[in-house]
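This briefing goes through the packing, the charged pairs and the backbone of one protein model. The points are grouped by topic.

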Amino acid sequence: MELSIIVVNYKTYELTKQTIDSVLRQNANFEYEIILVDNSSQDGSIEKIQSDFQNIINQGTLKVIINDSNLGFSKANNIGIRNSIGEYILLLNSDTKLDQDCLQKCIEYINRYNLENPNKKDIIGALGCKIILPDGKLDHACKRGFPTPSASLHYLLGLDKKNPAKYGQYDALHLDEDEIGEVDALMGAFMLMPKSVLNEIGLLDETFFMYGEDIDLCYRIKEAGYKIIYYPETKIIHYKGGSSTEKSKPKRRNPKTIYDFHDAMWIFYKKHYIKKYNVGITILVFLGIWTKYTISCIKNRFI
């Protein structure tokens, strides 16, 4: 089988259904499977999805795995990957909608590229397409640099807007949004990878409950000598934050997701950067992350 598509559901029935529908509408000439991992939604969403897609469940195109508790994004994806049989793995968010040619174009490109560049240092370890928000604007997280202290500071101070060429590492502004090219990291909303690469470097780091696991995975892919490619010849729409807002107040984020977002920054820094920077830089990074967390909580409280 060519492709295994891993989707994690957590209380997002309508969005998840839309995502699966957009996969089923693909003009794909290869065999694929969808593995849907439910993180103990307990809101009836997974039962509705099973009912809606009973035919393709019976055919084996859709496999449903229901966890006993909310294990987080990384663990749920890893469960899906371990139950997959595809040559390629696609991590796909449950709040996305794919262009009709998306999977075909991405698979064709990565296959052709890796056949033409057999040396390991030239092989694509992860490929991401263009990701846009419902308003048509680019979701900048779909192509980015690693969050080094300097890149993060330039981004925080807005220097990247004033001088993208010099200070735009955080959002990989060296690369136009419609230009194919190499970047440091992609977004876990759409990340296509050869399973052989994951077998070599390991799966998602389950220390990350939600957020940060995609950057960490890209960091390890590049460390192993593979390329990370941004491929904007096709796109998806990302209905961002589908499972991280309070239902009664759609604009207000779940406080736990705010914590998980900032905690992921600190986990990533401790894992990859703490030995590369002196104590003074580490203290500033720590204070910066948790000051930002406090401000975000206050803003969220008064939305």
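Predicted model: local features only at pLDDT ≥ 70, side-chain atom pairs only at ≥ 80, totals over all residues.

- Glycine 225 follows H10 and has a positive phi, near 100°.

**Nonpolar core**

- The largest nonpolar core has 83 residues, and those that touch the most other members are Leu3, Ile5, Leu103, Leu127, Phe190, Leu192 and Ile221.
- Helix H5 (residues 102–116) gives the most to this core, contributing seven residues.

**Salt bridges**

- Side chains of opposite charge can pair when their charged atoms come close.
- Across the whole structure, a search finds 17 salt bridges.
- Aspartate 178 and lysine 130 form one of them through their side chains, with an N to O distance of 2.7 Å. Aspartate 178 lies in the loop between helix H8 (164–167) and strand S7 (181–182), and lysine 130 lies in strand S6 (residues 124–132), so the pair ties together parts that are 48 residues apart in sequence.
- The relative accessible area of aspartate 178 is 46%, so this residue is partly exposed. Lysine 130 has a relative accessibility of 11%, so lysine 130 counts as buried.
- Apart from neighbours within four places in sequence, lysine 130 is in contact with Leu138, Glu177, Asp178, Tyr230, Tyr231, Pro232, Thr234, Lys235 and Ile236.
- Arginine 144 and aspartate 214 form another salt bridge, in which the closest N and O atoms are 2.8 Å apart. This pair links distant parts of the chain, with arginine 144 in the loop between S6 and helix H6 (149–156) and aspartate 214 in helix H10 (residues 213–223), 70 residues apart.
- Arginine 144 is buried at a relative accessible area of 14%, and aspartate 214 is buried at 10% relative accessibility.
- Glutamate 182 forms a salt bridge with lysine 222, and the closest N and O atoms there are 3.9 Å apart. Glutamate 182 belongs to strand S7 and lysine 222 to helix H10, so the pair ties together parts that are 40 residues apart in sequence.
- Glutamate 182 counts as partly exposed at 34% relative accessibility, and lysine 222 counts as partly exposed at 25%.
- Glu182, Asp184, Lys222 and Lys227 are linked in a network of salt bridges.

**Packing of H11 against H12**

- Two packed helices are described by the angle between their axes and the distance between the axes.
- The axes of H11 and helix H12 (residues 279–301) come within 9 Å and cross at roughly 170°. Angles over 145 degrees count as roughly antiparallel, and H11 and H12 are therefore roughly antiparallel to each other.
- On the H11 side, the contact is made by Ile258, Tyr259, Phe261, His262, Asp263, Met265, Trp266 and Tyr269.
- On the H12 side, the contact is made by Ile281, Thr282, Val285, Phe286, Ile289, Trp290, Lys292, Tyr293, Ser296, Cys297 and Asn300.
- The residues of the contact between H11 and H12 divide into 13 nonpolar, four polar and two charged.

- Serine 40 is a residue other than glycine with a positive phi, near 55°. Serine 40 is placed in the loop between strand S2 (32–38) and helix H2 (45–52).
- Serine 40 has a relative accessible area of 12%, which means that serine 40 is buried.
- Glutamine 42, also a residue other than glycine, has a positive phi near 55°. Glutamine 42 is placed in the loop between S2 and H2.
- Glutamine 42 counts as exposed, at 71% relative accessibility.

How values were computed. Residues numbered from 1 in each chain as written. Heavy atoms only, no water. Core = buried A, V, L, I, M, F, W, Y, C linked by side-chain atoms within 4.5 Å. Buried < 20%, exposed > 50% of the residue type's maximum accessible area, 1.4 Å probe, protein only. Helix = DSSP H or I, 4+ residues; strand = E, 2+ residues; numbered from the N terminus. Salt bridge = Lys/Arg side-chain N within 4 Å of Asp/Glu carboxyl O. Axes fitted to C-alpha atoms, helices over the stretch in contact; angles between N-to-C directions. Parallel < 35°, antiparallel > 145°, perpendicular 65-115°, else oblique. Contact = heavy atoms within 4.5 Å. Nonpolar A, V, L, I, M, F, W, Y, C, P; charged D, E, K, R; others polar.
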